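The following note sets out numbered points for a colleague who is examining the coordinates. Each point concerns one element or one group of residues.

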Amino acid sequence: MANKEILLVAEVFSNEKEIDKEIVFQAIESALETATVKRHVNQIRARVSIDRKTGDYSTYRQWEVVAADDQVDGDVEFPTTQILLDVAQFDNPDAQIGDIIEEEIDSVDFGRIAAQTAKQVIIHKVREAERKKIVEAYQSRVGDLITGIVKRIEKGSVYLDLGGHVEAFIAKEDMIPREPVRIGDRIRGYLKDVRSEPRGPQLFVSRTAPELLIALFRLEVPEVGEGMISVMGAARDPGSRAKIAVKGNDPRLDPVGACVGMRGSRVQSVTNELSGERIDIILWNPNEAQFVINAMSPAEIQSIVVDEDRHSMDLAVSTENLSQAIGRGGQNVRLATQLTGWELNVIDASKAEQNSEAEAEKITQMFIEQLDVNADIAAILAEVGFNSVEEIAYVPVSEMLEIEGFDEELVNELKSRAKDALLIIAIAAEEKIETATPAQDLLEMEGMDKDLAYDLASGGVITMEDLAEQSIDDVLKFSGMTEERAARLIMKAREPWFAEAKTK
């Protein structure tokens, strides 16, 4: 059946929507298939094939080849869409179960099909193609700075027109708080995600992400874009304050000055784009303690104590600078924490000194008692940084000989006394475990006997809570214990956990 109208429709949709003509042909075939099915009283399967050059199209009714179903007396379950294998092989000897058998039938007239159905199918297919095209075009631009015109505002969320029928979405939580935005405004954002979804937005933009700050500096500061300056990180309190760390890759260049610009022009441009957000430009330093000191700017740090295990630093500042170091609502220290990745604790310098003196005095007294040395030697050990007798016992002799006034005889004597002290501490701890008394709840627990309770206590399992935290392998090491009994006792000890979980 020739139909030049099909070619015209395909041509118009393809040109107007800028999509592949094949997508339009597939949409028209789908519309014709729907119309064919609706024309029949019984539910059938149909396929329409359009000649892409002439517009001719043919319609085929389809059956799926199936085996006989015993539940329906050897017949097919769905006669209008299924055919038995032996019946199919009568005309098609090569037919197999699962094949599709087709028979050409009269086609519906394209000009008379339900116009709305055809239109909806075509529009749906075209829309799918458009959305897929947008995803493909922007997938590689995730992480880029994009600019758009505010198209509409819904409950604090903003839709941007990026041009070419492309729309981006900024959720309310990704908008700068209290930022005045009106329809028609041109704003920039950071493209954080592109998702292929059947409905709703696909391009997700943020105005609050730290990456937006970095992208804006890359735009405003040519040295950043050219690689002469590296941005090492950023932290933001959107719309209020931000910190950005920079590192110069050219020794002749001042990275902070370049980012600030003449009379602050460059940083001011970024501030204006971010609704007045005040920006501190921080000089990055490979020494993490110095980087933290820089990040706390404009506050001046008097001393710093680093705890590598907890990945934290205690920062001492003068009493008059305490509020500046912390910032309004903890803003300054919070941004510095985000920028550096260290947990930062700001303390009053005078109190820190008192705490330090008290700690030094405590350590000195410990050395006097455990090493049986005079106060002067104990104070020197504490002053040079020793915190335990274990450190003294195992530190290399050469390091201790660097301490002023310490000779080899004194060092060897101190190390010997330290090892003796550690041995005494270990023996005392062992005796404590051996004489440990089980808690009442462990003694009275169902399935427990006195000997086992005391045996468990000697191994550090003193309460039901202690037992509940053990694994079967942990408990098997105790005398007379079987895997089955260990499992039963542990589950009994854990019953309070399950009871607590149910009440929540």
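**Notes on the predicted model**

1. K151, R152, E154 and E167 are joined to one another in a network of salt bridges. The model under discussion is a predicted one. For the whole structure, the number of salt bridges comes to 25. Three further pairs are taken up in later points.

2. E154, a member of that network, stands opposite S157 of strand β6. Strand β5 spans residues 145-154 and strand β6 spans residues 157-163; the two pair in the antiparallel sense, over 5 bridges.

3. A barrel is closed by 5 strands, taken in the order β5-β6-β7-β9-β8, with mixed pairing. From one strand to the next, the twist averages 50 degrees. Helix α5 (residues 210-220) packs on this sheet and touches β5, β8 (186-194) and β9 (203-206). The direction of α5 makes an angle of about 125 degrees with that of β8.

4. What ties helix α2 to the loop between β1 and β2? The side chains of R52 and E29 meet in a salt bridge, with an N to O distance of 2.6 Å. R52 belongs to the loop between β1 (45-50) and β2 (57-66), while E29 belongs to helix α2 (residues 21-39), so this pair ties together parts of the chain 23 residues apart in sequence. The two partners fall into separate accessibility classes: E29 counts as buried because its relative accessibility is 11%, under the 20% limit. R52, at 29% relative accessibility, counts as partly exposed.

5. A second pair lies within a single helix. R417 forms a salt bridge with E413, and the closest N and O atoms are 2.8 Å apart. Both residues belong to helix α16 (residues 408-434); because they are 4 residues apart, about one helical turn separates them. R417 has a relative accessible area of 29% and is therefore partly exposed. E413, with a relative accessibility of 38%, also counts as partly exposed.

6. The side chains of R485 and D449 are joined by a polar contact of 2.9 Å. Leaving aside residues up to four places away in sequence, R485 touches G447, D449, L452 and G480. R485 has a relative accessibility of 18% and therefore counts as buried, the limit being under 20%.

7. Helix α11 (residues 331-340) is mostly covered, with 7 of its 10 residues buried. The buried positions in α11 are Q331, N332, V333, L335, A336, L339 and T340. Against which elements do the buried residues of α11 pack? The strands contacted are β10 (229-237), β11 (241-248), β12 (278-283) and β15 (343-348). The helices contacted are α9 (288-295) and α10 (322-326). After α11 comes G341, which has a positive phi, near 85 degrees.

8. Overall, the protein has 22 helices and 15 strands. The radius of gyration is 39 Å, whereas the globule rule gives 23 Å for 504 residues; the value is well over that figure, so the protein is more spread out than a compact globule. Along the principal axes, the C-alpha atoms fill a box of roughly 110 × 80 × 45 Å.

9. Two values for the protein conclude the note. Of the 504 residues, 38% are buried. Among the contacts with a separation of 6 or more, 54% are accounted for by residues 24 or more positions apart.

Technical notes:
Residues are numbered from 1 along each chain as its sequence is written. This is a predicted model: local features need pLDDT of at least 70, side-chain atom pairs count only at pLDDT 80 or more; totals for chains, interfaces and linings use all residues. Side-chain values use heavy atoms; hydrogens and water are left out. Buried means under 20% relative accessible area, exposed over 50%, partly exposed in between (1.4 Å probe, protein chains only). A polar contact is a pair of N or O atoms within 3.5 Å; within protein, one must be able to donate a hydrogen and the other to accept it, and residues adjacent in sequence count only if both atoms are side-chain atoms. Contact means heavy atoms within 4.5 Å. A salt bridge is a side-chain nitrogen of Lys or Arg within 4 Å of a carboxyl oxygen of Asp or Glu. Two strands pair if DSSP finds at least two bridges between them. Axes are lines fitted to C-alpha atoms, for helices over the stretch in contact, and angles run from 0 to 180 degrees between N-to-C directions. The radius of gyration is taken over C-alpha atoms; the globule rule is 2.2 Å times the number of residues to the power 0.38.
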